[in-house]
Amino acid sequence: MKLYTFRVIVEPEEPKGYYGFVPLLKGVHTYGGTIQEVKKNLKEAIVCHIQGLIKDNETIPQEEEA
């Protein structure tokens with residue numbers, strides 16, 4: 001199994017909670033009540049997205065300097 005590294009961004013969401021996304025993977029974003037919850041949700045979303053790319057024989061984007 002290949003290991004991938006993606007930059008994630010987590011920001012506070014008003015009035016409470018956090019919003020997270022992966023700039024390199026379009027459509028991979030989530031919300032959570034805590035930073036830990038957002039990280040967990042992002043990990044699941046990344047895995048699902050990558051599996052879809054592999055299934056469709058698409059190229060998996062990678063950060064230049066991960």
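1. Confidence comes first: the chain has a mean pLDDT of 92, and 95% of its residues reach 70 or more. Here pLDDT is the predictor's confidence in each residue, on a scale from 0 to 100. This is a predicted model, in which local features need pLDDT of at least 70, side-chain atom pairs count only at pLDDT 80 or more, and totals for chains, interfaces and linings use all residues. Residues are numbered from 1 along each chain as its sequence is written, and side-chain values use heavy atoms, with hydrogens and water left out. Among the elements, strand 2 (residues 18–21) has the highest mean pLDDT (97), while strand 3 (residues 29–32) has the lowest (95). A word for your own reading: where pLDDT is low, predicted coordinates should not be read in detail.

2. Now the overall layout. You will find three strands and one helix in the chain, and from the N terminus their order is β-β-β-α. Both kinds of element are DSSP runs numbered from the N terminus: helices are H or I with at least four residues, and strands are E with at least two. Along the principal axes, the C-alpha atoms fill a box of roughly 40 × 25 × 20 Å.

3. Of the 66 residues in the chain, 23% are buried. Buried means under 20% relative accessible area, exposed means over 50%, and partly exposed is in between (1.4 Å probe, protein chains only). A contact means heavy atoms within 4.5 Å. Taking contacts between residues at least 6 apart in sequence, 27% join residues at least 24 apart.

4. Phe21 has His29 in strand 3 as its bridge partner. On strand 3, His29 and Tyr31 form the uncovered face, whereas Thr30 and Gly32 form the covered one.

5. Asn41 is buried, with a relative accessible area of 18%.

6. Two backbone details deserve a look. The peptide bond from Glu14 to Pro15 is cis, with omega near 5 degrees, and Pro15 belongs to the loop between strand 1 (9–12) and strand 2. Asn57, in the segment after helix 1 (35–55), has a phi near 55 degrees, a positive value in a residue other than glycine. Most residues other than glycine have a negative phi, and most peptide bonds are trans. Asn57 is exposed, with a relative accessible area of 72%.

7. Finally, what does Glu63 touch, not counting residues up to four places away in sequence? The answer is Thr5, Phe6, Arg7 and Leu24. Glu63 also lies in the segment after helix 1, and Glu63 is partly exposed, with a relative accessible area of 23%. Glu63 and Ile46 are 17 residues apart along the chain, and their C-alpha atoms are separated by 14 Å.

Note on methods: Pairing = 2+ DSSP bridges.
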